[in-house]
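Trainee: I would like to learn how to read a few features of a model. Could we start with exposure?

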Amino acid sequence: MRHRYVGRKLGRGRPHREAMRRQTVSALFLHERIITTVERAKEFRIFADRIITIGKNYQAAKDGAKKIHFLRQAHRHLQNEAMAKKVCTEIAVRFLERPGGYTRVLKLGGSRWSDNAKYAATRLGDGGERAILELVVKAGKPEDVPAPAVKAAKKTKSEATVKEKKGKEAAAGT
């Protein structure tokens, strides 16, 4: 029995598994959606959620020394300075109002019509069941922008339409 053993080994040694975890989570933060195996997706989403929480702590920090501390923590986990900055400054901002659950795992594949047996969109070579690992809040959606910014954008848009109408009325009057 595996009492008190946490995590999946994924058929790799510890250094290889940690490098694979860093690469996979960095790819997730870069592309915001990746396709991998179900086991890897379930294992690495925990790590991705922890890093986003570090980024949220960076955003909440008032002191410059605290911000550096959280940035270094993110860098320690990702081993990529540019990616750590991106997580702390861009990605974590989208999740400020969300208490947790920053990633989701969607299984690819389905079941056969004849016997309803599960089959997967498999990879060539090992036949691992595939899944999509993605961030819940995507870039570019209105829900990821803080509320004051959305209101300001709507106000400027409505002001612009009023100016256009006045301009058209003036042009029609001449």
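Mentor: A residue counts as exposed when its relative accessible area is over 50%, and as buried when that area is under 20%. The model here is predicted. Gly109 has a relative accessible area of 53%, so Gly109 is exposed.

Trainee: Where is Gly109 found?

Mentor: Gly109 sits in the loop that joins strand 2 (103-107) to strand 3 (110-111).

Trainee: What share of the chain is buried?

Mentor: Of the 174 residues, 29% are buried. The accessible surface of the chain is about 12000 Å², and carbon and sulfur atoms hold 53% of that area.

Trainee: Which elements make up the chain, and in what order do they run?

Mentor: The chain has five helices and five strands. From the N terminus the order is α-β-α-α-α-β-β-β-β-α. Among contacts with a separation of 6 or more, 65% join residues 24 or more positions apart.

Trainee: How should I read a charged residue such as Asp49, and what is the nearest side chain of opposite charge?

Mentor: A salt bridge needs a side-chain nitrogen of Lys or Arg within 4 Å of a carboxyl oxygen of Asp or Glu. Asp49, in helix 2 (residues 38-60), is buried and has no salt bridge. The nearest side chain of opposite charge is that of Arg45, 6.1 Å away. Leaving aside residues up to four places away in sequence, Asp49 touches Gly101, Tyr102 and Thr103.

Trainee: Last topic, pockets. How much space lies in the largest pocket?

Mentor: Rolling a probe the size of a water molecule over the atoms shows where empty space is left. In this model the largest pocket holds about 360 Å³. It is lined by 16 residues, of which Val6, Gly7, Arg8, Arg21 and Glu43 are the closest to its centre.

Trainee: Which helix gives the most to the lining of the largest pocket?

Mentor: Helix 2 does, with five residues. Helix 1 (14-31) and helix 2 each supply at least two residues of that lining.

Notes:
Residues numbered from 1 in each chain as written. Predicted model: local features only at pLDDT ≥ 70, side-chain atom pairs only at ≥ 80, totals over all residues. Heavy atoms only, no water. Helix = DSSP H or I, 4+ residues; strand = E, 2+ residues; numbered from the N terminus. Buried < 20%, exposed > 50% of the residue type's maximum accessible area, 1.4 Å probe, protein only. Lys, Arg positive; Asp, Glu negative; His and termini not counted. Contact = heavy atoms within 4.5 Å. Areas by Shrake-Rupley, 256 points an atom, 1.4 Å probe, with all protein chains shown as cover. 1 Å grid on protein atoms, 1.4 Å probe; cavity = no way out; pocket = protein on both sides within 12 Å on 5 of 7 lines; lining within 4 Å. Points joined across faces, edges and corners; volume = space filled by probe spheres on them.
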